[in-house]
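User: Please discuss the model shown here through a series of questions and answers.

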Amino acid sequence: MSTLTGKHLIAGNWVSGDTEFPSSPSRGEPLKYAVGTPAHIDAAVTAAEEAFLSYGYSTRAERAVFLTAIADEIEARGEAITEIGTAETGLPEARLNGERGRTTGQLRLFASHIEDGDYLDRRHDEALPDRQPLPRPDLRMIQRPIGPVAVFGASNFPLAFSTAGGDTAAALAAGCPVVVKGHSAHPGVGELVAQAVDAAIKTCGVHPGVFSLVQGGTRETGQALVTHPLIKAVGFTGSLAGGRALFDLCASREEPIPFFGELGSVNPMFLLPEAVKNRPDDMGKGWAGSLTMGAGQFCTNPGIAVVIDGPEADAFVDAAKAALDPSQTQTMLTDGIAEAYRAGRDQVAGTSGVQELLTSTCDLRNATPYLFSTSGSNWLANEVLGEEVFGPLGLVVRVSGFEEMLSVAQSLKGQLTCTLHLDEGDFEHGRKLMPVLERKAGRVLANAFPTGVEVSDTMVHGGPYPASTNFGATSVGTMSIRRFLRPVCYQGIPVDLLPEDLKGNDQVFLG
Ligand code: NAP
């Protein structure tokens, strides 16, 4: 158990490739992994479609047992996963262990969510044969799984948003087979988790095509996956550039399919005057902590703090500066992400009207925190200052007054989160900001920091573009299952022919 092979898992078979790519670990020697080709993708997706014929009609109880078995198998490989994960990503051991708990927790949460059955949204309009002027037929509706789903895992969550992470758990819970395109930042974690899923498939007697992992190595792999005619939807977490390229491919297919991309966000915080006056230190310290957590490599990292200029703003900035240690070096997930971080820093630093508040240096795969400041009018005049820099970089936007703060809020692009820091004396301003912010973000929060996303029934991890490519969806929490379901109406269909979940359960129908 838990020996790396460097192979793909395609429908129950471990398959090597003609070519290999080296991993790029933060420590230790690179290992070789098979490059995924369009032929591998075709084999995996064809098997997924075959698996759908049984898995798409499995009972919720059977799928719940399968999801729980995957969680158990991941736990059984916990130590090995953490070992390769820390080497590949540079993330600390405690973080990997915590993320494993989150991953298995998600799988178990989906198991109980589908057993509960509310997600099926079953409806029934009983026949009204005597209705005038026209009779009404018997109409029933239920949410059905859509078929094979493609998943692209995240670089920054090698477990919770990757091979058997949130997207995969939601799709499998819905009844959809999954083909994962492995992330090149952590192919070893990907393979060990695939081994866990493979073991669960065998224990539960599920069709092996229900899950495949095709490692990457070239961009062709992902492109072949999203354009495969049998793929019905894509779950993606990654960059705006990568996500947009794949989204465009999905839209240009002969049969366009939904692309659920969770992309970048600057997660602005609005600091209202009373709160800044009352607790500048707490806010400054809290911001610094949230900004640097995980080397700032969280999609919900609060990159911008908007505050009304004045002595209270100075106190907040001083507290943030004091809490940010310029020599605090953290390892970034990949060479490419470290390079992009430095390029983002250079772009912010090189924009006119921007002052550097914290002098810091970082090279190679290292990240140190940066803090910059600019005026509200300068921020409004420079669109580039509203773009995400993935890493521990903060920008203070000092606005001239509340009206300018409102203009900054109105100018925002779509965000995963927007945060208000406010006390009771700020409520009038808060009331004016709320209608603006709720149109900008998937989650609006008060007096907290957006990193740390609860996996729950109410969570929305998404938002208007470019935070996500589909504002009606979330990639975290139980509602994320909706992405892989489609409503079907059954008119006058004999009960015998209805899906099992629509038979004999009239007591739970809404209508
Ligand atoms: P990325 O470069 O977009 O890569 C994501 C995945 O897409 C990888 O599997 C990558 O393949 C593939 N890919 C990217 N461009 C492609 C293309 N043109 N054609 C085919 N495949 C393509 O993103 P990343 O470097 O992993 O992550 C950093 C970014 O993710 C940050 O901007 C961050 O904000 C964002 N992010 C967002 C969230 C969220 O929930 N919204 C969470 C985490 C991270 P390879 O493996 O070959 O590179």
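User: What is the mean pLDDT of the chain?
Analyst: This is a predicted model, in which local features need pLDDT of at least 70 and side-chain atom pairs count only at pLDDT 80 or more, while totals for chains, interfaces and linings use all residues. Residues are numbered from 1 along each chain as its sequence is written, and side-chain values use heavy atoms, with hydrogens and water left out. pLDDT is the predictor's confidence in each residue, on a scale from 0 to 100. A value of 70 or more is reached by 98% of the residues, and the chain mean is 96.

User: Which peptide bond is cis with omega near 10°?
Analyst: Most residues other than glycine have a negative phi, and most peptide bonds are trans. The bond from Gln-132 to Pro-133 is cis, with omega near 5°; Pro-133 is in the loop between β5 (123-125) and β6 (139-145). Helices (H or I, at least four residues) and strands (E, at least two) are DSSP runs, numbered from the N terminus. In the loop between β20 (441-446) and β21 (485-491) lies Pro-466, and the cis bond with omega near 10° runs from Tyr-465 to Pro-466.

User: Is Ala-11 buried or exposed?
Analyst: Ala-11 is not a glycine, yet its phi is positive, near 50°. The residue is found in the loop between β1 (8-10) and β2 (13-15). Buried means under 20% relative accessible area, exposed over 50%, and partly exposed in between, with a 1.4 Å probe and protein chains only. The relative accessibility of Ala-11 is 18%, so the residue counts as buried.

User: What is the relative accessible area of Asn-447?
Analyst: Asn-447 also has a positive phi, of about 50°, although it is not a glycine. Its place is in the loop between β20 and β21. Asn-447 is partly exposed, and its relative accessible area is 39%.

User: Which residues does Gly-353 touch, not counting residues up to four places away in sequence?
Analyst: Gly-353 lies in the loop between α12 (335-349) and β15 (355-358) and is partly exposed at a relative accessible area of 38%. Its C-alpha atom is separated by 8.5 Å from that of Ser-373, 20 residues apart along the chain. The residues touched are Ser-373, Thr-374, Ser-375 and Asn-378.

User: What is the handedness of the β-α-β crossover from β10 to β11?
Analyst: Both faces of β11 (residues 259-262) are covered, with Phe-259 and Gly-261 buried on one side and Phe-260 and Glu-262 on the other. Four bridges join β10 (residues 233-237) to β11, and the two run parallel; strands pair if DSSP finds at least two bridges between them. A crossover is right-handed if, with the strands pointing away from the viewer, the path from the first strand over the helix to the second runs clockwise. The chain passes from β10 through α8 (residues 240-252) to β11, and this crossover is right-handed.

User: How many residues apart in sequence are the parts that the pair of Phe-152 and Phe-236 ties together?
Analyst: Rings of Phe, Tyr and Trp (its six-membered ring) pair if their centres lie within 6.5 Å; planes under 30 degrees apart count as stacked, over 60 as edge-to-face and the rest as tilted. By this rule the count comes to 12 aromatic pairs. Phe-152 and Phe-236 form a tilted pair, at 5.7 Å centre to centre and 55° between the planes. Because Phe-152 lies in β7 (residues 149-152) and Phe-236 in β10, the parts tied together are 84 residues apart.

User: Which residue has its charged end over the ring of Phe-157?
Analyst: Phe-157 and Phe-298 are both buried. A charge sits over a ring if NZ of Lys or CZ of Arg is within 6 Å of the ring centre and within 35 degrees of the ring normal. At 4.7 Å from the centre of the Phe-157 ring, the charged end is that of Arg-95.

User: Which elements do the buried residues of α14 pack against?
Analyst: In α14 (residues 402-411), the buried residues are Phe-402, Glu-404, Met-405, Leu-406, Val-408 and Ala-409. They pack against β12 (269-271), β13 (304-308), α13 (376-381), β18 (393-399) and α15 (427-440).

Conventions:
Contact = heavy atoms within 4.5 Å.
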